[in-house]
Amino acid sequence: MAVVDSQSVAIIRRNRPGTKAKNFYNWSDESFEEMDSTLAVQQFIQQNIRKEYADIDNILSPPEGQDEGVWKYEHLRQFCLELNGLAVKLQAECQPETCTQMTATEQWIFLCAAHKTPKECPAIDYTRHTLDGAASLLNSNKYFPSRVSIKESSVAKLGSVCRRIYRIFSHAYFHHRTLFDEYENETYLCRRFTTFVMKYNLMSKDNLIVPILEEIQPGESDA
């Protein structure tokens, strides 16, 4: 009888069809050095989020020697992926009849850039258009043909994406606060995004109108 060395058995890091939600990602963590894939940075970020979504400092800390442009790009892709979850929840109460404009406070009304000429859109349409536009840019072979090396001219486009998708957070916070709080408590997504754009100077502080970091009192646990 052949003896199989348990040390040589490859771990398949994939959720098989039919896997129950409680068993998703039921495999051991892998060090960044062991991630032999062009998607290693994405995998590393997602692994750290699953490990502890509230540990923002750890999630945003790149591996030693990691290219900063790729690191910022992969984080922005991840933010867009997770913002789709918030967009789905918004659909339940953010109706075109009630939220006829993409607004935050009374001082902020945003025009949708998805049209030939930027114009006002119902908030839920703005949200869909913005996430679709971000996905289109971030998956563009013209600007981002590689996941391991990115031109500086392409990295420069990330700030514009950040400003646009942040408006989804601000609308949800000021107009759908209960829904926003529920999603934020499950993901810390707005906290992480705000810390991210401040760390890499991707947005002006004047535009960060959701006081998410100010609401964390000194000594409050991030758990």
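Tutor: We begin with a definition: axes are lines fitted to C-alpha atoms, for helices over the stretch in contact, and angles run from 0 to 180 degrees between N-to-C directions. Helices (H or I, at least four residues) are DSSP runs, numbered from the N terminus. The model is predicted: local features need pLDDT of at least 70, side-chain atom pairs count only at pLDDT 80 or more, and totals for chains, interfaces and linings use all residues. Residues are numbered from 1 along each chain as its sequence is written, and side-chain values use heavy atoms, with hydrogens and water left out.

Student: At what angle do the axes of H3 and H4 cross?

Tutor: Two packed helices are described by the angle between their axes and the distance between the axes. Here the axes of H3 (residues 68-90) and H4 come within 10 Å and cross at roughly 155°. H3 is therefore roughly antiparallel to H4, a term for angles over 145 degrees.

Student: Which residues of H3 and H4 meet?

Tutor: Contact means heavy atoms within 4.5 Å. From H3, Tyr73, Leu76, Arg77, Cys80, Leu83, Asn84, Ala87 and Leu90 meet Ile124, Thr127, Leu131, Ala134 and Leu138 of H4. The residues of this contact comprise 10 nonpolar, 2 polar and 1 charged; Ala, Val, Leu, Ile, Met, Phe, Trp, Tyr, Cys and Pro count as nonpolar, Asp, Glu, Lys and Arg as charged, and the others, Gly among them, as polar.

Student: Is Ser140 buried or exposed?

Tutor: Buried means under 20% relative accessible area, exposed over 50%, and partly exposed in between (1.4 Å probe, protein chains only). Ser140 lies in the loop between helix H4 (123-138) and helix H5 (152-155), and it counts as buried because its relative accessibility is 15%.

Student: With which side chain does Gln46 make a polar contact?

Tutor: A polar contact is a pair of N or O atoms within 3.5 Å; within protein, one must be able to donate a hydrogen and the other to accept it, and residues adjacent in sequence count only if both atoms are side-chain atoms. Gln46, in helix H1 (residues 40-51), has such a contact with the side chain of Gln78 (2.9 Å). Gln46 is partly exposed, at 22% relative accessible area.

Student: What is the phi of Tyr188?

Tutor: Most residues other than glycine have a negative phi. Tyr188 has a positive phi, near 55°, and is buried at 7% relative accessibility. Asn201 also has a positive phi, of about 50°, but is exposed, with a relative accessible area of 67%.

Methods. Helices (H or I, at least four residues) and strands (E, at least two) are DSSP runs, numbered from the N terminus. Angles under 35 degrees count as roughly parallel, over 145 as roughly antiparallel, 65 to 115 as roughly perpendicular and the rest as oblique.
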